[in-house]
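User: Please examine the structure shown below and answer some questions about it.

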Amino acid sequence: MMTRRITQLLIGLAMYGVSLAMFIRAGLGLDPWDVFHQGVASKIGWSIGTVVVVVSFLVLLLWIPLRQMPGVGTLANAVLVGVFADIGLALIPAFSHLGGQIGMLAGAVILNGIASACYIGARLGPGARDGLMTGLARRTGWSVRVSRTLIEVVVLAVGWLLGGSVGVGTVVYALAIGPLVQLLLPMFTVPQRAPQSSVEVVPAAP
């Protein structure tokens with residue numbers, strides 16, 4: 001079971017990074033965090049994958065006052081998504097016509113949904129940004145929805161001011177990713193092993 005969980009985690013994170021590259025190549029807008037990553041990358045000259053990795057570890061520092069504990073999946077997420085985003089950008093061409101951009105955007109959303117279901121379903125720890133959201137909700141008493149909205153509005157606004165790409169893809173992602181992950185998650189969630197009973201079963205007398 002652990003072999004499956006680790007394999008699924010790694011495949012999911014690789015697909016997530018590639019989906020980020022596909023969003024960028026589509027050129028129609030990114031999700032809020034990646035608007036921020038792209039804006040920072042454009043200002044300091046780093047690759048977007050490098051920015052994703054660095055921001056992930058900076059966000060993990062915010063877990064300390066929230067008393068969040070990372071899992072192996074959290075640390076893998078912090079490193080691998082950015083690495084595979086840069087690999088994807090090196091391999092995937094940009095499209096200059098609208099049909100190709102729309103197709104790339106649709107593929108990015110679907111792949112991102114599958115990737116999210118894979119790494120969440122592996123149950124090896126949330127990503128740094130997801131943990132920030134749930135930790136903030138727990139410490140403040142806010143709902144997860146309010147915490148997520150607040151965080152994503154802030155990073156979207158800052159990213160846009162820094163030059164990150166906001167567009168129809170941002171709206172499509174916001175509307176589609178929740179229902180898509182909810183649909184796919186049952187298929188990819190690794191079941192928990194049932195605890196063995198400590199009660200000895202005595203066979204009936206013949």
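Analyst: Helices (H or I, at least four residues) are DSSP runs, numbered from the N terminus. This is a predicted model, in which local features need pLDDT of at least 70 and side-chain atom pairs count only at pLDDT 80 or more, whereas totals for chains, interfaces and linings use all residues. Residues are numbered from 1 along each chain as its sequence is written, and side-chain values use heavy atoms, with hydrogens and water left out.

User: With which residues is Ser-147 in contact, leaving aside its neighbours within four places in sequence?

Analyst: Ser-147 is located in helix H7 and counts as buried because its relative accessibility is 0%. Contact means heavy atoms within 4.5 Å. With neighbours within four places in sequence left aside, the contacts of Ser-147 are Met-133, Leu-136, Ala-137 and Trp-142.

User: Which element gives the most to the lining of the largest pocket?

Analyst: A pocket is an open set of points on a 1 Å grid over the protein atoms alone, where a 1.4 Å probe fits, with protein on both sides within 12 Å along at least five of seven lines; lining residues have an atom within 4 Å of a point. The largest pocket is lined by 36 residues, and those nearest its centre are Asp-130, Met-133, Arg-148, Glu-152 and Tyr-173. With eight residues, the element that gives the most to this lining is H7.

User: In which loop is Arg-67 placed?

Analyst: Most residues other than glycine have a negative phi. Arg-67 is not a glycine, yet its phi is positive, about 60 degrees. Arg-67 is exposed, with a relative accessible area of 66%. Its place is in the loop between H3 and H4.

User: What is the relative accessible area of Arg-123?

Analyst: Arg-123 is in the loop between H5 and H6. Although Arg-123 is not a glycine, it has a positive phi of about 60 degrees. Arg-123 is partly exposed, with a relative accessible area of 28%.

How values were computed
Helix = DSSP H or I, 4+ residues; strand = E, 2+ residues; numbered from the N terminus. Buried < 20%, exposed > 50% of the residue type's maximum accessible area, 1.4 Å probe, protein only.
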